[in-house]
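Keep the structure open beside the text.

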Amino acid sequence: MKIIHSADIHIGAPFAYLGPKAQEKRDQLKGTFRALVDLAIAQDARLLLVAGDLFDRNEIASADIQFVHDQLMRLHAKGIKTCLIGGTHDVLSDFPILKSPQFTHGLESVHLLDEAQPSLYLDDIGVAVVGASNYTKKSLESPFEKLRRQDNARLNIAMIHGSYQIPGKAAKNDFPFTAEHLDKSGFDYIAAGHWHSMLDISTPNTKAWYAGSAEPFEFN
């Protein structure tokens with residue numbers, strides 16, 4: 001079984017700071033997302049995880065929504081499931097794009113993990129995926145407050161979107177979580193999103209990573 005962990009795709013990002021080159025960058029971002037789908041198919045993945053911020057905002061062009069829908073339909077056609085959570089850009093409030101009819105139509109294999117359906121259980125392989133979607137852009141609440149592992153699962157995976165607390169670097173109102181949260185969570189793997197650089201934040205008891213963005217968004 002192969003699982004692909006991604007996050008912070010930000011489809012629909014304006015890239016206004018690039019001026020006349022902005023459209024070229026937006027097209028490149030779409031091409032990278034298409035390549036991610038190609039990878040999932042080529043690797044015969046069982047799951048694609050997007051740990052928040054698939055979209056840059058809840059109000060983007062219809063063509064961008066359709067593009068992502070069509071790419072996920074390619075995964076659906078191959079029997080590859082996709083698990084999503086709302087991030088800090090595509091939050092699940094104020095007419096969330098991840099619940100829009102244009103996006104969800106026909107995507108039975110795409111599972112948005114929210115308060116109504118916080119987990120997905122694949123009983124044939126004994127894998128549970130639990131997600132903590134964001135409903136606001138800022139919060140002092142840790143995403144681990146929403147996570148509950150499934151005791152009957154052989155493998156428990158959690159999806160979160162927030163800031164690992166590093167003194168002097170991480171904001172406390174940015175869905176904070178600590179090494180202690182990770183270590184005592186009881187999950188086998190934690191797929192984190194929000195930070196745009198790939199980073200191993202594993203502890204002795206829990207393997208955890210930030211996937212990082214598929215494309216760079218800043219000059220640093």
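The largest nonpolar core holds 32 residues, and Phe-33, Leu-54, Phe-55, Val-68, Leu-98 and Phe-103 touch the most other members. A nonpolar core here is a set of buried Ala, Val, Leu, Ile, Met, Phe, Trp, Tyr and Cys residues joined through side-chain atoms within 4.5 Å. Buried means under 20% relative accessible area, exposed means over 50%, and partly exposed lies in between (1.4 Å probe, protein chains only). Helix 1 (22–42), strand 2 (47–50), helix 2 (62–77) and strand 4 (110–112) are the elements that give two or more residues to this core. Helix 1 gives the most, with 6 residues. Helices (H or I, at least four residues) and strands (E, at least two) are DSSP runs, numbered from the N terminus.

This is a predicted model, in which local features need pLDDT of at least 70 and side-chain atom pairs count only at pLDDT 80 or more, while totals for chains, interfaces and linings use all residues. Residues are numbered from 1 along each chain as its sequence is written, and side-chain values use heavy atoms, with hydrogens and water left out.

Leaving aside neighbours within four places in sequence, Leu-54 is in contact (heavy atoms within 4.5 Å) with Ile-9, His-10, Ile-11, Phe-33, Val-68, Leu-84, Asp-90, Leu-98 and Phe-103.

Two strands pair if DSSP finds at least two bridges between them. Ile-190 stands opposite Ala-208 in strand 12.

Now look at the loops. Where does His-194 sit? His-194 is in the loop between strand 10 and strand 11. With a relative accessible area of 16%, His-194 is buried. Its side chain makes a polar contact with the side chain of Thr-88 at 3.5 Å. A polar contact is a pair of N or O atoms within 3.5 Å; within protein, one must be able to donate a hydrogen and the other to accept it, and residues adjacent in sequence count only if both atoms are side-chain atoms. A second polar contact, of 3.2 Å, joins the side chains of His-194 and His-161. Beyond neighbours within four places in sequence, the contacts of His-194 include Asp-8, Gly-162, Ser-163, Asp-174 and Tyr-210.

The side chain of Asn-134 reaches the backbone oxygen of His-161 at 3.2 Å. Asn-134 lies in the loop between strand 6 (127–131) and strand 7 (155–161). Asn-134 counts as buried, at 1% relative accessibility. Leaving aside neighbours within four places in sequence, the contacts of Asn-134 include Gly-86, Gly-87, Thr-88 and Lys-146.

Charged pairs come next. The whole structure has 10 salt bridges. Each is a side-chain nitrogen of Lys or Arg within 4 Å of a carboxyl oxygen of Asp or Glu. One joins Lys-25 to Glu-215, with the closest N and O atoms 3.4 Å apart. This pair links distant parts of the chain: Lys-25 is in helix 1 and Glu-215 is in the segment after strand 12, 190 residues apart. Lys-25 is buried at 11% relative accessibility, and Glu-215 is buried at 12%.

Asp-64 and Lys-30 meet in a salt bridge of 2.7 Å, N to O. Asp-64 belongs to helix 2 and Lys-30 to helix 1, 34 residues apart. Asp-64 is buried, with a relative accessible area of 12%. Asp-56 and Arg-57 form a salt bridge of 2.9 Å, N to O. Asp-56 is buried at 9%, whereas Arg-57 is partly exposed at 33%.

Finally, the rings. There are 8 aromatic pairs. Rings of Phe, Tyr and Trp (its six-membered ring) pair if their centres lie within 6.5 Å; planes under 30 degrees apart count as stacked, over 60 as edge-to-face and the rest as tilted. Trp-195 and Tyr-210 are stacked because their ring centres are 4.8 Å apart and their planes lie at 5 degrees. Trp-195 is in the loop between strand 10 and strand 11, and Tyr-210 is in strand 12, 15 residues apart. Tyr-210 is buried, with a relative accessible area of 0%. Ring pairs link Phe-144, Tyr-164, Phe-177, Trp-195 and Tyr-210 into a cluster.
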